[in-house]
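Biologist: Can you take me through this model? I'd like to start with the rings and then move on to the metal and the helices.
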Amino acid sequence: MQRLTLTRPDDWHLHLRDGELLRQVAPASARQFARALVMPNLSPPVTTVDQALAYRRRILDALPADSDFIPFLSLYLTESTPVSEVTRAAACPHVLGFKLYPAGATTHSEAGVRTLERIYPVIEAMERHGVVLQIHGEVTDPEIDIFDREKVFIERELIPLCRRFPALRLVLEHVTTRDGVQFVREAPATVAGTLTPQHLLYNRNALFAGGIRPHYYCLPVLKRETHRQALLQAATSGSPKFFLGTDSAPHPRAAKESACGCAGCFSAPLALELYAEAFERADALDRLEAFASFHGADFYGLPRNRDTVTLERAPWRVPETFGAEFDLVPLRAGETVTWRLHP
Ligand code: DOR
Ligand code: ZN
């Protein structure tokens with residue numbers, strides 16, 4: 001196959017940042033995707049509908065004038081989020097849910113939740129209103145091996161949460177393990193999972209190939225090959241419970257190439273090309289459209305997009321930097337990608 005035309009996809013997990021960095025990265029996502037669910041881990045975090053609406057305006061202002069890209073927002077849950085914010089979120093068409101960051105799990109998660117029980121009233125309201133909970137599914141217990149943090153989160157937190165709130169709609173974001181895949185698969189249709197390009201294409205060896213490779217470091221961290229295979233199988237299975245969420249998370253080069261480098265892979269400029277590569281390797285290009293363009297919209301109860309994008313088989317070299325104000329290193333920098341988004 002030389003050309004592949006699909007319904008324009010959406011990105012259901014994206015970090016766009018703010019200010020000048022937002023202006024630099026937002027057009028890349030708008031070129032690839034029709035819509036995105038934008039994460040609220042700014043500093044300070046986006047915790048209220050009013051803040052989300054102001055952030056949404058800044059995102060729209062960062063886009064080219066002719067762009068029809070639609071950003072949706074997720075609100076950052078804290079232990080002091082009031083139940084009334086759930087009612088407001090349920091009534092706001094631009095807000096698609098609340099993001100649960102276990103405090104300390106990742107970038108700007110300090111204001112997140114330490115004890116899940118403390119937010120049970122808020123979760124109960126979300127269940128009642130059908131508001132989706134987007135979850136960063138890792139425990140932060142330093143005793144737990146970093147490669148086991150997703151599995152242990154599922155056992156300790158997620159399974160009890162689902163038992164207590166059986167009708168809660170939730171997305172286990174950036175699933176990285178076979179345990180995560182199994183959890184999503186066995187859960188009711190109210191539960192889904194997003195998958196990133198890096199976790200579909202790479203295992204943890206990529207972090208240490210010939211030396212330490214900070215641009216492959218994200219959280220949850222890449223896992224071993226058996227897990228990658230389970231993720232790829234889930235993505236290409238045709239199950240409506242799995243859909244595209246890049247978790248593209250830009251950090252300036254100096255913050256990545258550091259003695260204590262930040263977590264995050266910046267995939268926005270070539271995300272769809274990377275997913276196409278993963279699906280092609282699994283001989284499942286015919287399943288890419290549903291994963292990238294249908295399952296997420298269906299889960300969020302939004303219409304599927306009507307326009308299309310075309311990928312061509314035209315290998316190209318990914319630039320070393322995605323420059324302008326900030327020096328950003330895209331995933332795959334300096335290497336070749338098989339597919340190219342047209343034009
Ligand atoms: O690698 C990551 N980067 N994982 C996250 O959960 C957050 C993100 C970021 O915002 O940089
Ligand atoms: Zn993320």
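Biologist: Are Trp 12 and Phe 72 buried or exposed?

Modeller: Trp 12 is buried, and Phe 72 is buried as well. Buried means under 20% relative accessible area, exposed over 50% and partly exposed in between, with a 1.4 Å probe and protein chains only. This is a predicted model, where local features need pLDDT of at least 70, side-chain atom pairs count only at pLDDT 80 or more, and totals for chains, interfaces and linings use all residues. Residues are numbered from 1 along each chain as its sequence is written, chains are lettered from A and ligands numbered from 1 in the order in which they are written, and side-chain values use heavy atoms, with hydrogens and water left out.

Biologist: What kind of aromatic pair do Phe 243 and Phe 299 form?

Modeller: Tilted, at 5.8 Å centre to centre with 40 degrees between the planes. Rings of Phe, Tyr and Trp (its six-membered ring) pair if their centres lie within 6.5 Å; planes under 30 degrees apart count as stacked, over 60 as edge-to-face and the rest as tilted.

Biologist: Where do those two sit in the chain?

Modeller: Phe 243 is in strand S9 and Phe 299 in helix H11 (residues 288-299), 56 residues apart. Helices (H or I, at least four residues) and strands (E, at least two) are DSSP runs, numbered from the N terminus. Both Phe 243 and Phe 299 are buried.

Biologist: Which residues do ring pairs link into a cluster?

Modeller: Trp 12, Phe 72, Phe 243, Phe 299 and Tyr 300.

Biologist: Now the metal. Which residues are the protein donors of the zinc ion (ligand 2)?

Modeller: His 13 and His 15, each through NE2, and Asp 247 through OD, lying 2.0 to 2.1 Å from the zinc ion. Donors are N, O and S atoms within 2.8 Å of the metal (3.2 Å for Na, K and Ca); water is not among the atoms, so sites may look incomplete.

Biologist: How are the donor residues spaced in sequence?

Modeller: The spacing is H-x1-H-x231-D. His 15 lies in the loop between strand S2 (11-14) and helix H1 (19-32), and Asp 247 in the loop between strand S9 (242-244) and helix H9 (253-256), so this pair ties together parts 232 residues apart in sequence. Both His 15 and Asp 247 are buried.

Biologist: Last topic. Which residues of H6 meet H8?

Modeller: Arg 178, Asp 179, Val 181 and Arg 185 in H6 meet residues in H8, including Thr 226 and Leu 231. Contact means heavy atoms within 4.5 Å.
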